[in-house]
Amino acid sequence: VAETTSLPLLFTLPDLLYATLTGPGAMTFTAAGPEQVNGRATTKYNGTGSVARLASNPIFALALPNAQGDLSGPLWVDTGGNFLVAGDLMINLTAPQTGTARLRLDVTQVGQVGPISVPR
């Protein structure tokens, strides 16, 4: 067993999702005011965008090749740390198949991870 310098995708998903959704052209967000979410002071942003524009991220491009449709929903961003605290997005696909999906993400226990060591 060896230590790794990068965490599995699950642990980087909030940053990956935040960077992709807020990247140029992916979604348009409008501030909707302050809210307490998951015990954190946040600013709520309502957003709308295009599924096809997520293809700027290589992981989403592989997962959603030729996808068309729209996405919408709010994100909550920590007011002090500028990181994603929660998201509640609705994805409406029109191609290559029709369908809907909802993605809910909650970040909790920020900064409360104990020491992690490699098993011996």
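Predicted model: local features only at pLDDT ≥ 70, side-chain atom pairs only at ≥ 80, totals over all residues.

**Strands S4 and S5**

I began with the pairing of strand S4 (residues 84-95) and strand S5 (residues 99-106): the two run antiparallel and are joined by eight bridges. How many residues does the hairpin use to join S4 to S5? I counted three.

**Confidence**

The average pLDDT of the protein is 81, and 82% of the residues score at least 70. Residues 7-11 fall below 50, and I found three contacts for this stretch in the model beyond its near neighbours in sequence.

**Strands S1 and S2**

I moved on to strand S1 (residues 27-37), which runs antiparallel to S2 and is joined to S2 by 10 bridges. Opposite Gly33 I found Lys44 of S2. The hairpin of S1 and S2 has two residues between the strands, and here Asn38 takes a positive phi near 55°.

Lys44 came up again when I listed charged pairs: Glu35 forms a salt bridge with Lys44, with the closest N and O atoms 3.9 Å apart. Is Glu35 buried, partly exposed or exposed? Glu35 counts as partly exposed because its relative accessibility is 32%.

I also picked out Thr43, which lies in strand S2 (residues 40-50). Thr43 has a relative accessibility of 19%, so I noted this residue as buried, the cut-off being under 20%. Which residues does Thr43 touch, not counting those up to four places away in sequence? My list reads Gly33, Pro34, Leu75, Trp76, Val77 and Thr79.

**The nonpolar core**

I looked up the largest nonpolar core, which has 13 residues; Leu17, Leu21, Leu54 and Leu71 touch the most other members. Helix H1 (9-21), strand S3 (68-78) and S4 are the elements that give two or more residues to this core.

Leaving aside neighbours within four places in sequence, Leu71 is in contact with several residues, among them Leu21, Met27, Val51, Leu54, Met90 and Ile91. Gly47, Thr48, Gly49 and Ser50 are also among the contacts of Leu71.

**Salt bridges around Asp88**

I found five salt bridges in the structure. My search then took me back to S4 and S5. Arg102 forms a salt bridge with Asp88, and their closest N and O atoms are 2.6 Å apart. This pair links distant parts of the chain, with Arg102 in strand S5 and Asp88 in strand S4, 14 residues apart.

Which of these two partners is buried and which is exposed? Arg102, at 56% relative accessibility, counts as exposed, whereas Asp88 is buried because its relative accessible area is 18%.

Asp88 has another partner in my notes: the side chains of Arg104 and Asp88 meet in a salt bridge at 3.8 Å, N to O. This pair also links distant parts of the chain, Arg104 in strand S5 and Asp88 in strand S4, 16 residues apart. Salt bridges that share partners join Asp88, Arg102, Arg104 and Asp106 into one network.

Conventions. Residues numbered from 1 in each chain as written. Heavy atoms only, no water. Pairing = 2+ DSSP bridges. Helix = DSSP H or I, 4+ residues; strand = E, 2+ residues; numbered from the N terminus. Buried < 20%, exposed > 50% of the residue type's maximum accessible area, 1.4 Å probe, protein only. Contact = heavy atoms within 4.5 Å. Core = buried A, V, L, I, M, F, W, Y, C linked by side-chain atoms within 4.5 Å. Salt bridge = Lys/Arg side-chain N within 4 Å of Asp/Glu carboxyl O. pLDDT = per-residue confidence, 0-100.
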